[in-house]
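Thank you all for coming; I would like to take a few minutes to walk through one structure with you. Please have the sequence and the model open while I talk.

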Amino acid sequence: MNGLRAIIICLVVTCAAVVSPAAVATPATTSWSVLPVPAAAPPVTVSDLAARGPGEAWATGYEQAADGLRPMLYRWDGSAWSRDIGFPGAAEPGWLGKVQFVGDEVWILHNREGTGEILRRSTSGWSAVPLPQTLWTYQDFAAVPGAAWVVGEDDTGLKVLHYDGSGWTAQATPDGVLFLMGITARSATDAWAWADTSTGTAVLRWDGTAWRDAKVPLPPDSNVHTMLLEPSGRITIGGSQYTDGVSRTYLMTFNGHAWRTTHPPLGDTYTEGMVRGPDGALWLPMRSDRAFQSKYARVDGSRTGFSYGPERTNAIDVKPSVLARAGSALLSFGTVEIYGSKPNLMSERLGG
């Protein structure tokens, strides 16, 4: 009997070893909950979400008013979402883009009737830092203590505007750079951008002196959606690679010495909303295969799992757009379309 039992155990272990770890179900203990959000004027577009601990988060975007786009700002206080209408230009046409925490302040890119500025919220209230010139396109924004960047275009082409705390300067990029699609920074002397160049997609780095090609070995025929810079020095890039006309998501990780590329089973998921969760794994909002529920992917090394948000009555499209780590929880912000109405705001939380 003992011999037979040993054989059975060996067979079970062998079978478990050959099961592919590439795609697994997220444990049943993982549970998302609904966080009510005051409605905006639909249709709405969500731009960004940032959190500083469990008791403070900000979500940005714009709604559709009678006279055009109107900026939209929501604040999470640890227990509920509320709308903030006290910032400069809140009642004027425009939109809000990326939101960043800089020291004790909140900084937000603001297109105010076509003119660009950075909104700043401190303990004394809101203020605005105007950009030195008007751009046709305000593509992206990054801010850290002692520095901020706004990238876009005007009638002369690409513009990289740099703020050092007292004034603005225009920074040059390497020859062949046509357009900057995104920018992020870890410090005033360590900023990264992903660019469209005359030879394809490239990653640039600012070292405090100049922008240079970072020589990142991106996959052939690929683009970049986002970059995560971590205090440890780890960097994660998310993007899409095209093979035989088909797009599939890739992830690249830099461990301080070398880059490693993987292709998790994510289809063609857009990775801009990707964050590092409190559990150390990467989390991404996904296009759901269930009309009445949101869907999220969790990538932890070679293992990819999926979880769904709460069921929503009469929903025909639930679309989480952005994620943020809020202490021991994950916050999600996006839109939900209920049958018979236009898409409006939704938020969900995992843990906390």
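This is a predicted model: local features need pLDDT of at least 70, side-chain atom pairs count only at pLDDT 80 or more; totals for chains, interfaces and linings use all residues.

**Strand pairing and cores**

Residues are numbered from 1 along each chain as its sequence is written, and side-chain values use heavy atoms, with hydrogens and water left out.

E24 also pairs with strand E25 (residues 303-308), again antiparallel, over six bridges, and within that pairing Arg-298 has Gly-305 as its bridge partner. E24 and E25 form a hairpin with two residues between them, and Gly-301 in the turn has a positive phi of about 65°.

Turning to the sheets, an open sheet of four strands has the order E2-E3-E4-E5, with antiparallel pairing. Its edge strands, each pairing on one side only, are E2 and strand E5 (81-83). Within this sheet, E2 and E3 are joined by six bridges, and Leu-49 has Ala-59 in E3 as its bridge partner.

Leu-49 brings us to the largest nonpolar core, which has 19 residues, and Leu-49, Ala-57, Trp-81 and Leu-331 are among those with the most contacts inside it. By such a core I mean a set of buried Ala, Val, Leu, Ile, Met, Phe, Trp, Tyr and Cys residues joined through side-chain atoms within 4.5 Å, with buried meaning under 20% relative accessible area for a 1.4 Å probe, protein chains only. Strands E2, E3, E4, E26 (315-326) and E27 (329-338) each supply at least two residues of this core.

Which residues does Leu-331 contact, leaving aside its neighbours within four places in sequence? They include Leu-35, Leu-49, Ala-57, Trp-81 and Val-322, but also Glu-348 and Arg-349, contact here meaning heavy atoms within 4.5 Å. A second, separate core of 17 residues includes Ala-142, Leu-158, Val-177 and Leu-204.

Finally, another open sheet of four strands has the order E10-E11-E12-E13, with antiparallel pairing, and its E11 (residues 147-154) and E12 (residues 157-163) are joined by seven bridges.

Definitions and conventions. Buried means under 20% relative accessible area, exposed over 50%, partly exposed in between (1.4 Å probe, protein chains only). Two strands pair if DSSP finds at least two bridges between them.
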